[in-house]
Amino acid sequence: TLAPAAGAALLPATSRATMCQSEAPDAAPVKPDAAPPASKPKPQAEELAAIRHSPQRKRAIALGRPSDAAGECDVVADPRFDIDKTIFGTLTSPVKRWVQSAKLNHVETWHAEPLASIESAFAAVSVPRSVSDDAPLFRFMAEECDFSLEHADGSFMDHLHFCADYSALHFSDHSPRVLLLHSILGVGTNCFPMGAEKLPALRSLLDEEEFAQISAFPSVLRLMVGTDFLSRLEAASEEELGALRGLSCRRVLDNAEVHLSSEQLWAHLNYQLIHLIDFLPATAWQVTFSDYFAVFFVRLHALLQRAGKLLAGVAYQPEWAKPLLPNSRPSSWAHWVVDRLPVRINLSLAGKAIRGYSAEIGHSLDYALLW
């Protein structure tokens, strides 16, 4: 068994569904006259089921890989961008807000020819729609959870639908529901769409494998970013990786111990790889791939290939990276600086942030790889 983090006071999990605005690390204090988060109008099940993929996401789904779109679209800063409307709105540190805003504040206008090519490629694939037609699941998400916040790129649901559709097409031996619901038990910035008291209801809508993978997802993501978890797997020999029996760690929502068998863990890391696709820079990878999500994507892809466990259709070649072409990045000083932050600084900032978020809610980052 895993011991709780030393000195950690576990926040009651039932209070976490509305903690995104008020209790996360660096969270801005709630104004006395501000409406509580629970008062926000909730989207209807039909709204949550609606799918609106961006061109970049359509191309990833159609091709089974991420792409560097430099030279195919013009990228500018969005004058309407508001970090407080995203999952990163909990940040109050001016430096952290400045860095994160520069990472997120961009909008692409696609050139006609590549856009037509993307639409044609996407129209040629057939994405299974079984998840989208799952009315009871979407009713639960609409009526019992809060998915009304925004993601790094569009709505939170846009991100979830991309991950699920990519999984349905390119990881078809495994349930796409895992990635549709991968954040329901916690987001990296301590937003919680549902409370622990609703776990039995959620579990009744899933099979055992889906529930196990969803329970572990926020935890494994934090382990990758905030601990030596991925480094230890990378340091293992092929023989050691073959002898791996599983993982034990703590669920982010309530600090309960969760277990993944070896087979489940390798499948899980493929889910994580698909998820990371949606956080990769859209353009100019030769400049922008020092972003920590890009670093973890490259490392995880290489690990899965070496272990012979790349089960999902996710292609990647470093040669796909394009240089900084005209209009491929916003022409602001903030974007110029953030694009050129060294990898070690990006990883240090991300790791420190994750450890802070987990400490704030009493979530233990202790884990055990079982050999």
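Arg 251 is buried, since its relative accessible area is 10%, where buried means under 20% relative accessible area, exposed over 50% and partly exposed in between (1.4 Å probe, protein chains only). The model is a predicted one, in which local features need pLDDT of at least 70 and side-chain atom pairs count only at pLDDT 80 or more, while totals for chains, interfaces and linings use all residues. Residues are numbered from 1 along each chain as its sequence is written, and side-chain values use heavy atoms, with hydrogens and water left out.

**Exercise 1.** Find the salt-bridge partner of Arg 251 and decide how accessible that partner is.

*Solution.* Begin with the criterion, which asks for a side-chain nitrogen of Lys or Arg within 4 Å of a carboxyl oxygen of Asp or Glu. Arg 251 meets it with Asp 254, their closest N and O atoms being 2.8 Å apart. Next, Asp 254 has 18% relative accessibility and therefore counts as buried.

**Exercise 2.** Describe the salt bridge between Lys 58 and Glu 119.

*Solution.* The two side chains meet at 3.0 Å, N to O. Lys 58 belongs to helix H2 and Glu 119 to helix H4 (residues 112-123), so the pair ties together parts 61 residues apart in sequence; helices here are DSSP runs (H or I, at least four residues), numbered from the N terminus. Finally, Lys 58 is buried at 16% relative accessible area, whereas Glu 119, at 32%, is partly exposed.

How values were computed. Helix = DSSP H or I, 4+ residues; strand = E, 2+ residues; numbered from the N terminus.
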